[in-house]
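Subject: Structure handover

Dear colleague,

Here is the structure I said I would pass on. My notes on it follow below.

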Protein chains: 2
Amino acid sequence: MNSPCLTCDLRRKPLFEQLTDDELTDIMHSRSGQVSMPPKQDIAPSPRIGDAVCTLIAGWAFKYRRLPNGSRQILDILLPGEAIGLEKALTGIMDHHVQSLTPVTVCVLDNGAVQDHLIGRPTRYRTLIRTLFAKERRYENRLAAIGRLTAPQRIGYLMLEIFDRVRDLGIGNGSWVHFPLQRQHIADSLGLSGTHVNRSLTELRDRGLATLGSNMLVIHNRDALISFACYTTSEPTGCQFIL
Amino acid sequence: MNSPCLTCDLRRKPLFEQLTDDELTDIMHSRSGQVSMPPKQDIAPSPRIGDAVCTLIAGWAFKYRRLPNGSRQILDILLPGEAIGLEKALTGIMDHHVQSLTPVTVCVLDNGAVQDHLIGRPTRYRTLIRTLFAKERRYENRLAAIGRLTAPQRIGYLMLEIFDRVRDLGIGNGSWVHFPLQRQHIADSLGLSGTHVNRSLTELRDRGLATLGSNMLVIHNRDALISFACYTTSEPTGCQFIL
DNA sequence: CGTGAACTTGAGGCCCCTCAAGGAGTGTGG
DNA sequence: CCACACTCCTTGAGGGGCCTCAAGTTCACG
């Protein structure tokens, strides 16, 4: 039951910090199970998982918040390897929801055990801090995009950001990637309306920059799209924290 | 020359982590000096400070980025106690500028010494992580505000956020605070134009919510403004990291 | 008193929103 | 096999929020 961590392919990817045997054993012991869910389900908080920490090991999800006026703001897209609810374990606060975008599988961990895991492991602290700084940069980029770019530019920015993150994970293939976000997800990520996202997508296609087909994104001219969307290409973060 | 840290009033404020004598001595030794600058000057990177880490000990500043199309996006307002350039020391990357908003004073530290300071001090690591999570929440709030609120709502949100941060620092006084942001600063923080900020300010005043006078913000009806601006009141973060 | 920066106010226009209806694809039940 | 429902995508029309450009006003400062 606790063996999967040792043979987990995801951890081995060069994007992530490579754990020592000691660390791996410790994580394994704090693992309480594995849960799979269909798309469009709230992962956290949820009846099945509560507000425990978990690691997304397969599938896509997104972090979002709902405003008093009913609208939804998507805060981040979550890819395999990302921790869900870590802030709940470490700071006691979790003021957003996480919903699955595709079928997902998560590893559920024990909150207290995660806190204990970090104690006495300064390397892990340092990696977590680097990862948090990287996320801060991503938020800053997003802020600049939403605040200062037009709709087609924002969409181009989102495309490039996701494209690069998928590529860094090592699951990209040339100039196209799997892209399970619907129009409304893009809209809620970028402060737009669903219908206008659609119009902007045709503009991106007509300009020969990128095409969004059925769950598939093709980038026709990366350099042109980068300059069109004012994209700041981010150098790989070194190693990313993973639980 | 190195004694000021021991008598520094800023560190004693309850908002910040209280350092042990050992930690304080260590910080003192990595201090290379103190610099004062007038408003509207770039603090980092700058000829006088380079890209060294420093702590803002008096005055207001802001973090910003300039886009290829010439526009400016303000990423965050910096208040006394905030570290400048910490990401440069810990991750090697610093892709924004910091400019003074009022006359400021910063304590300049040695980059390498700051890295060494953290090693072997898990409590400081933990505080830094909590502070980074808190900043992540602030960015998420800002993202939701810019993405999903109207101009007057966004401005109300910014007012409340700054008001609360100043109050948490212990330098607020009842229902008004010093507020050195100009129209254009507000605009560049919230993805608006300077002229429209002005129009929105008159709306906030006409609604009896808040008035922005010469470098002074008065909040007339806090509860009404909170509900108008969809503000999520943030519980104090416990203790904030300070160098 | 002249100068420059910031604030204020107006006019016109565009980007994006809202509302609405139709089309395409998919799963379900008869 | 087809009708039906449901979701998502697409396209259109109209309107409003915010932008841009521009001129006038206030204020600090030399």
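Predicted model: local features only at pLDDT ≥ 70, side-chain atom pairs only at ≥ 80, totals over all residues.

Sugar or phosphate accounts for 69% of the atoms of DNA strand D within 4 Å of the protein, and bases for the rest.

- The side chain of A:N198 has an N or O atom 2.4 Å from a phosphate oxygen of DNA strand D.
- A polar backbone atom of B:A151 is 2.8 Å from a phosphate oxygen of DNA strand D.
- For B:H196, an N or O atom of the side chain is 3.0 Å from a phosphate oxygen of DNA strand D.

Two elements give two or more residues to the surface near DNA strand D: α8 (194–206) of chain A and α8 (194–206) of chain B. By class, the residues of that surface are 2 nonpolar, 8 polar and 4 charged.

Now DNA strand C. Of the atoms of DNA strand C within 4 Å of the protein, sugar or phosphate makes up 69%, and bases the rest. The contacts to phosphate oxygens include these:

- An N or O atom in the side chain of B:R183 is 2.8 Å from a phosphate oxygen of DNA strand C.
- The side chain of A:S193 places an N or O atom 2.9 Å from a phosphate oxygen of DNA strand C.
- B:K40 has a polar side-chain atom 3.0 Å from a phosphate oxygen of DNA strand C.

The elements giving two or more residues to the surface near DNA strand C are α8 of chain A and α8 of chain B. That surface consists of 2 nonpolar, 8 polar and 4 charged residues.

The rest concerns the sheets of chain A. One is an open sheet of 4 strands with antiparallel pairing, in the order β2-β7-β4-β5. Its edge strands, β2 (42–44) and β5 (72–78), each pair on one side only. From one strand to the next, the twist averages 35°. β2(A) and β7 (residues 97–100) of chain A run antiparallel and are joined by 2 bridges; A:D42 has A:Q99 in β7(A) as its bridge partner. Two helices of chain A lie across β4 and β5: α5 (residues 122–148), at about 135° to β5(A), and α7 (residues 183–190), at about 100° to β5(A).

Another open sheet of chain A has 4 strands in the order β1-β8-β3-β6, again with antiparallel pairing. β1 (31–37) and β6 (83–84) each have a single partner strand, so one side of each has no neighbour in the sheet. Within this sheet, 4 bridges connect the antiparallel strands β3 (residues 54–58) and β8 (residues 104–109) of chain A, and A:T55 is the bridge partner of A:C107 in β8(A). Helix α2 (residues 21–30) of chain A lies across β1 and β8, running at about 70° to β1(A).

Regards

Key
Residues numbered from 1 in each chain as written. Chains lettered and ligands numbered in written order. Heavy atoms only, no water. Near = heavy atom within 4 Å. Polar contact = N/O pair within 3.5 Å; in protein donor to acceptor, adjacent residues only side chain to side chain. Nonpolar A, V, L, I, M, F, W, Y, C, P; charged D, E, K, R; others polar. Pairing = 2+ DSSP bridges. Axes fitted to C-alpha atoms, helices over the stretch in contact; angles between N-to-C directions. Contact = heavy atoms within 4.5 Å.
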